[in-house]
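I opened this entry to keep a record of what I looked up, in the order in which I looked.

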Amino acid sequence: MFNITKSQVLAAFNYRAACRYYDPTRKISKEDMDYILELARLSPSSVGSEPWQFLVLQNPAIRQKIAPVAWGIKHPIEEASHIVVLLAKKNARYDSEFFKTSLAKRGLTPEQTEATLARYKDFQTNDMKIADSERALFDWCCKQTYIALGNMMTGAALIGIDSCPIEGFNYDEVNRILAEEGLFDAKEYGVSCMVTFGYRAKEITKKYRKPAEDVIHWIE
């Protein structure tokens, strides 16, 4: 079905490394960036919730506002071709309008919707025990954004584009700055993480990974 080979995929995984220094003269094309963002949109999420939004932060002035509190971006912030901020949904409880709207878009009957919400209630209340904690619900949604994050970085590496996941920033300040810029409603969403994209300015030291026998265990 697909022409890509396993060796090509593994080569991309070995090539991908956290890029700290980008070539400021090379910018990602609109076509390639749309492809990377489509990988995020198509990513799987728990119970198909898609509890995310993706901000492509290209505005130079806003970039400079977050630069002092985004210490995880080692290079001058303007050198990254693209910066994507991943937002996670807040208060995504089984009985929220967020879930009701999501199910309505799937074209479920009223009976199917009621049964699905009952299943989600049991899942959040008894299985994960997160229904009564705003923080736990937010953390659950943040975990979903990391699936999209991984898919974006892998997909970028497959076409020779570098990336770096960013958790090194003051979350309160970045949330405040972006919300005050009107980029999202802080009651509905919060920053989960960020990721930079571009083309490396210099070779990256070969990354270390634990041997397979240390982390992979077959239970037969």
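Predicted model: local features only at pLDDT ≥ 70, side-chain atom pairs only at ≥ 80, totals over all residues.

Residues are numbered from 1 along each chain as its sequence is written, and side-chain values use heavy atoms, with hydrogens and water left out.

**Overall layout.** I count eight helices and four strands in the chain, and from the N terminus the elements run α-α-β-α-β-α-α-α-β-α-β-α. The C-alpha trace spans about 55 × 55 × 35 Å along its principal axes. Of the 220 residues, 42% count as buried, a term for under 20% relative accessible area, with exposed meaning over 50% and partly exposed in between (1.4 Å probe, protein chains only).

**Helix α5.** I compared the ends of α5 with expectation: its 18 residues should span 26 Å at 1.5 Å a residue, and the end C-alpha atoms are 25 Å apart, which agrees; the expected span is 1.5 Å times one less than the number of residues. The buried residues of α5 are Thr113, Thr116, Leu117, Tyr120, Phe123 and Gln124. They lie on the same side of α5, because they cover an arc of only 115 degrees around the axis, the arc being that of the directions from the helix axis to the C-beta atoms. The face turned away from this buried side carries the exposed residues Glu111, Glu114, Arg119 and Asp127, while α4 and α6 are among what covers the buried residues.

**Nonpolar cores.** I take a nonpolar core as a set of buried Ala, Val, Leu, Ile, Met, Phe, Trp, Tyr and Cys residues joined through side-chain atoms within 4.5 Å. In the largest one, of 40 residues, Val85, Leu178 and Val191 touch the most other members. The elements that each supply at least two residues to this core include β2 (82-89), α5 (110-127) and β4 (189-198), and the largest share, five residues, comes from α6. A second, separate core of 18 residues includes Ile36, Trp52, Leu149 and Met152.

**Serine 192.** I then turned to serine 192, which lies in strand β4 and is buried, with a relative accessible area of 3%. Leaving aside neighbours within four places in sequence, serine 192 is in contact (heavy atoms within 4.5 Å) with residues including Leu86, Cys142, Thr145 and Tyr171. A polar contact of 2.7 Å joins the side chains of serine 192 and threonine 145; such a contact is a pair of N or O atoms within 3.5 Å, where within protein one must be able to donate a hydrogen and the other to accept it, and residues adjacent in sequence count only if both atoms are side-chain atoms.

**Cysteines.** Last, I searched the whole structure for disulfides, that is, pairs of cysteine sulfur atoms within 2.5 Å, and the search finds zero. For cysteine 164 the nearest cysteine sulfur, that of cysteine 19, is 7.3 Å away, and cysteine 164 counts as buried at 2% relative accessibility. For cysteine 193 the nearest is that of cysteine 142, 7.8 Å away, and cysteine 193 is likewise buried, at 1% relative accessibility.
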